[in-house]
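Have the viewer open as you read.

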Amino acid sequence: YGVAYPDRAVLDFQEMLEHGCSSVLLAVSEFDVDFWFQNVRGLIDEARAMGLRVYLDLWGWGKTFGGEPPSIFLQENPGNRQVSAKNGQVFNVACFNTEAFRSYAFEAIERLGRETDVDAFFWDEPHYAHGATLDEWGCCCPVCQELFKREYGFEMPRALTAEVLEFRQSMILGFLGEMSKRVKQTDLGKEVVLCLLPREDPRYGVSDWEKVFSIKEMDIFSTDPYWYDMATEEGLRFFRERAWRAKSLSDRHGKRCQIWVQAFRVPHGREWELAKAVEMAAEMNVCSIYAWPFRGGLGSILASDRPDLVWQTLGEAYRKLGAKTHA
């Protein structure tokens, strides 16, 4: 992210290769596609030419996908935002049930699928808007209320009843399924990766990971059990448990599994845990182990206490893993 010129990105790609990376995820915002499309395509071409597999992340799109960048769609479509069930206030998150956002996302995916040589599309932490309490959740906009009433025959409750939970999960999976179909319709060779937040929390929309495997176009199931907000023992246990949950489900349904490790906001003295997490994921025989972000978040709000050491530790872990793979 943050690099618009392919000839400059080559330096980063080379650095990644030297750190044992075999793939790169390009965090592409709405603005990047709107303003830098030709260079986005060039970034993909340069990375592939250097031997890297390239994933394209719709970074922060509509703020219903994970990521920090602002959303052009939200700026231009204030009437297509998610609405809180608690008080009717508007969240700064697009409602993916509205025709406006669906068309916006689908058209972008089709264009990127047709006009770039990206290897895979990455659905990054798709989620509903929510507050701090269970009664503050989205979406209760007029579109969602009408869809719910059409499906269940009564007005949409303002509590997370069984019907509401079922509806919300069905709608987000339907949206992700349609996005995935658009990828395959443009190019069957392009893969689809679905990365869910690590907790099966009903506020996010997908409260049962098993259900995502109904999306037959999904090639790889992924999660990012980041742990540095916990103490070491608890955090690594959480990482192991959630990674194993994802791997077990993927195996059961004949899909590959990808696990993410945390390279941001790593506290001083706990850099070694990053190598331990890579080792644990490797022992599970997942298909890929990604880390967010590049260089330990150097210079950003996500910066680790010692980003250089984080990047060094990750490189050592990746090179060690690569040496085992090729032994």
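Helix H8 (residues 232-252) packs with helix H9 (residues 272-283) at an angle of about 25°, and their axes are 10 Å apart. Axes here are lines fitted to C-alpha atoms, for helices over the stretch in contact, and angles run from 0 to 180 degrees between N-to-C directions. That angle makes H8 roughly parallel to H9 (angles under 35 degrees count as roughly parallel, over 145 as roughly antiparallel, 65 to 115 as roughly perpendicular and the rest as oblique). Helices (H or I, at least four residues) and strands (E, at least two) are DSSP runs, numbered from the N terminus.

A word on the source: this is a predicted model, where local features need pLDDT of at least 70 and side-chain atom pairs count only at pLDDT 80 or more, while totals for chains, interfaces and linings use all residues. Residues are numbered from 1 along each chain as its sequence is written, and side-chain values use heavy atoms, with hydrogens and water left out.

On the H8 side, Thr232, Leu236, Phe239 and Arg240 meet Trp272, Glu273, Lys276, Ala277, Met280 and Ala281 of H9, where contact means heavy atoms within 4.5 Å. By class, the H8 and H9 contact splits into six nonpolar, one polar and three charged residues. For these classes, Ala, Val, Leu, Ile, Met, Phe, Trp, Tyr, Cys and Pro count as nonpolar, Asp, Glu, Lys and Arg as charged, and the others, Gly among them, as polar.

Now for another helix pair. The axes of H5 (residues 99-115) and H7 (residues 162-186) come within 8 Å and cross at roughly 25°. That makes H5 roughly parallel to H7, and their crossing is right-handed. H5 brings residues including Phe101, Phe106, Ile109 and Arg114 to the contact, and H7 brings Phe175, Glu178, Met179, Arg182, Val183 and Thr186. The H5 and H7 contact has seven nonpolar, two polar and five charged residues.

Which residues touch the most other members of the largest nonpolar core? They are Leu56, Trp123, Phe175, Met179, Val212 and Val261, in a core of 87 residues. A nonpolar core is a set of buried Ala, Val, Leu, Ile, Met, Phe, Trp, Tyr and Cys residues joined through side-chain atoms within 4.5 Å, and buried means under 20% relative accessible area (exposed is over 50%, partly exposed in between, with a 1.4 Å probe and protein chains only). H7 gives the most to this core, with eight residues. A second, separate core has 15 residues, among them Trp59, Phe122, Val193 and Tyr226. As for Val212, if you skip its neighbours within four places in sequence, its contacts are Leu173, Leu194, Leu196, Val206, Met218 and Phe221.

Finally, the backbone. Most residues other than glycine have a negative phi, and most peptide bonds are trans. These spots go the other way:

| Site | Feature | Value |
|---|---|---|
| Gly138 to Cys139 | cis peptide bond | omega about 15° |
| Trp292 to Pro293 | cis peptide bond | omega near -5° |
| Arg265 | positive phi | about 50° |
| Arg295 | positive phi | about 55° |

Cys139 sits in the loop between strand S5 (120-124) and helix H6 (142-152). Pro293 is in the loop between strand S9 (288-292) and helix H10 (307-325), and Arg295 also lies between S9 and H10. Arg265 is in the loop between strand S8 (256-262) and H9. Arg265 is partly exposed, at 46% relative accessible area, and Arg295 is partly exposed at 32%.

Definitions and conventions:
Left-handed = near helix turned anticlockwise from the far one by under 90°.
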